[in-house]
Structures are given as structure tokens and as C-alpha cells.
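Here is a short tour of one structure, written for someone who likes cut-offs spelled out. Have a look at the model first, and then we can go through it together.

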Amino acid sequence: MVAGSGNHTVKNLPEPKNQQRGLFDQPAGQARAERLILHVDIDAFFASVEQLLIPALRNRPVIVGSGVIASCSYEARRFGLAAGMSLHKARRLCPSVVVLDGQYPIYRCFAEHVWSVSRRFVCGLETFLDEGYGDATGMGALHGDPLTLGRKLRDAVRGEVSLPVSVGLGANRMMAKIASSSAKPAPRCSSPQVGVVWIRPGCEQEFLANLPIEKLPGVGRKTGEKLRDMNIETVGQLRTLPLPLLRTMFGRRGELLYERSRGRESRIIRPAALPKTISRETTFHEPLCDRKQICGMLFYLLQRAARTVRKHKLLARCVELTIRYDDWTELSAAKALPYPTDDEKQIFPVVLRALKQLHQRRVALRHVGVVLSRFTGEGQEGELFTPPVRLRRRRLCKAVDTIRDRWGHAAIVSGASIELLGRMRQNDYGFVLRTPSLTK
Ligand SMILES: [Mg+2]
């Protein structure tokens, strides 16, 4: 049986004949670790962020894109607009539509916030731009049955990030994704209500039976056309084709289609690997020779890099400074840190020494950047006792990060970056840098 959540559609399918029970129905002690994969999808992502940032856009048809629609709000979808459609056609179908270019660095910040909330509910999250897969096997003890887990995640994202997400749960990636797409509101539905759908183990075939073949991963336009020529329109009909026939028609992909049409799939979740380097750099709005402002910017970039290092629970052992003069000469110097750290205040003196060594000409700088590298895990400082002053700094950094996670990076401006106040434009995400993809 598949259940929708709250005020969303409840799709009832007959109980499986073999009476297979879900993981959470089984008495304690006998629970088999049935794999439970969760798929989170941010709905109408770019358009939802714009509507969140600009209240005047709420309840209005909004699209983001240049040339073609990259994302469109539910209000726009009511007019038949969809991603991939040309803006020309979109304007013809819905003359009142608001078209925006998009601010991708800001969308990325929102996505990261959604993923950091989602990580509380799953172990290992593989993320893409607006969707993520996580393994929720065994999370029942913490969060309840899969539907409750999905609803908690959706409500947490809605509460903390104010973005709508749909959540799908199933025995593998494919089923989880199919579940989340069926949890989405219908294309012409007026209210952007999103839901949570769990496809119970054993119900995969029934759930897939009436789905159009194109919904199955691996069935593109060409494959779809070929199958439709054979009067195969639903996944249930595809299932009637014998394996040798599919193999002859599509080769190795035919075997995958055979498996997938039965709800089976073996792709695993690959959480993002830990980064090897974390860097922040920017080009100045105007070439700059004021030492105080250059140092202020370096501290600001270092602060942002260190915050990311702390997020990954790493400690850096090396810092590299890069400067580019107005005449495009580029210099860089790498310095080992006296001890592994994630604290910008402890790294900054090393950066200043590198700057003194590199910036010797009386020529303005147009670009600066810092790279932190040679990471080791938190708790591996290689020291028996961490000095109390460093422990205090660590607690302070944690507190500042918590405030910035909640209120934006600009909530606190500290250290040398105070020099930038009044000289650079600021929004909630921090100073507005010229190289936009790096304002994050
Ligand atoms: Mg989406």
C-alpha cells in the first residue's frame, strides 16, 4: 500500500499477496534490515527561492531562465508552462509571467541548507542540484516508520529553510525517485502542496504497472518510441516482454529495463567524498592597493573557507595565498600551518606573512584567493593536550557558525573584515563579491 501524507492524495493499492511486511511492522529483534532509500526533491527550486526572497512574487507565475525555462513556479505551471520551454512561448501562453535571470550562488546556498537539514534524517547523502538520495535503512528507531521519517524531513526543511520539498521512500534509488515524483502536485494543480510517498517493499510491481514507460529511468525518447511502436505504453506492459527479446532489442540496457520494470535496481548511494582542498577567491570590483582592505578581504575569504572546513569536521595543515597584480602577473605561496586547525584567526597570521612575501611591487591587486589543504580529521591535532585558549576559540567558532547558519553569514562581521564595512555592498549572505559564484 502506498500512502500519501497529510492533505495529499492517498493512493491505495491492494496489499501484496504474499503479505510481506515492511521493516517497521516487524517485532523488535526480528527486524531484517530492509534497505530503505530516501529521495528528496526541491520543488520548483529556483522559482521557489525567488518567491521566498521577493514576497511580491508569491502566488504569481514566476519563471527563472534565459532562452528557455530552467525552473517555473506552480502558478506558472497552471498556464501549461514547463521547464525546457522557450521563453518566447512561455510569454505567449502566460503574458503576466515574471521572468528572472536567476542568481545561482544564492540557489546553491539554499540547496546546501536543505541538504544539511536532510542529513539529520539519513546516513550518507548523495546530492545533485535540487535533489538528493540518502540511505535511511535502520533510521526507524530514531524517527519512526518511513512515512513519519519522510514527513519529519519535509516539515523540518519547510520550517528551517521555508522551501517545499517532496520526499519519496522505497527499496532502491529508482523506487525512491519514482515515489517522490508521484508525491509532487499535479502539473496543473493550483496549490503547491507536496507530499511524502513510501512504496512498501513488495509493492513495487503494482506501483509501476500503470506508469507510462518514459517514467522508468533509462527509457529516453528513442527507446520510448520503439516500445510504443510495439504497443508497449506502461511499465506493466513492458514487464510482459521476455528478457531475450529485450536483450536483442536494446543490448545491456534491455537487461536493465527488464530488472527495472520489476522494481529492481542495484545503483548505490555515493555520498560526496571529502574535499582535498577548500578555496575562496575573488576579483576586486576595482584594482586595489589599500593594504587594510586587501587584508580585510583575505580575512573574509579565509573565514568563509574555514567555516566550510569546520562543516566537514576537518583541520587544515596548509594554506596557500594567491595574488594577481593589475598587470595580470600572478604569484602564489603555500605555507605549512604550525598545527592542524580550522580557525581563521590562527591561520590569518600565516596568510599575512605570505602576503608580505608576495606583494612587494607598488602595483594594485585585482584578484586574491586562499586555499586550505592537507586535511586531517577533527580530533587528530597530534597533540596530547590542546591549550585552553584554542579550546575557547573552538567553542566561539562553533557559536558563531550556529548564528550564521540561522541568520546568514552577514549576521556577524569580525576580525580584519570589519575594514570592508561601508566599502562593500552586503546582503544576508555576506559581502557581495564580484566573482559571484564565490560569494557562497
Ligand atoms: Mg526539483
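Which residues in α13 meet which residues in α15?

## Two helices

Q303, R307, R310 and K311 in α13 meet C397, D401, R404 and D405 in α15, where contact means heavy atoms within 4.5 Å.

The axes of α13 (residues 291-311) and α15 (residues 388-407) come within 11 Å and cross at roughly 100 degrees, so the helices are roughly perpendicular (65 to 115 degrees).

## How to read the model

This is a predicted model, in which local features need pLDDT of at least 70 and side-chain atom pairs count only at pLDDT 80 or more, while totals for chains, interfaces and linings use all residues. Residues are numbered from 1 along each chain as its sequence is written, and side-chain values use heavy atoms, leaving out hydrogens and water.

## The magnesium ion

D41 (OD), I42 (O) and D130 (OD) are the protein donors of the magnesium ion, 2.1 to 2.5 Å from it; donors are N, O and S atoms within 2.8 Å of the metal (3.2 Å for Na, K and Ca). D41 sits in strand β2 and D130 in the loop between β6 and β7, 89 residues apart.

## D135 in β7

D135 lies in strand β7 and is buried at 16%. Its side chain makes a polar contact (N or O atoms within 3.5 Å) of 2.4 Å with that of T137.

Definitions and conventions
Axes fitted to C-alpha atoms, helices over the stretch in contact; angles between N-to-C directions. Helix = DSSP H or I, 4+ residues; strand = E, 2+ residues; numbered from the N terminus. Parallel < 35°, antiparallel > 145°, perpendicular 65-115°, else oblique. Buried < 20%, exposed > 50% of the residue type's maximum accessible area, 1.4 Å probe, protein only. Polar contact = N/O pair within 3.5 Å; in protein donor to acceptor, adjacent residues only side chain to side chain.
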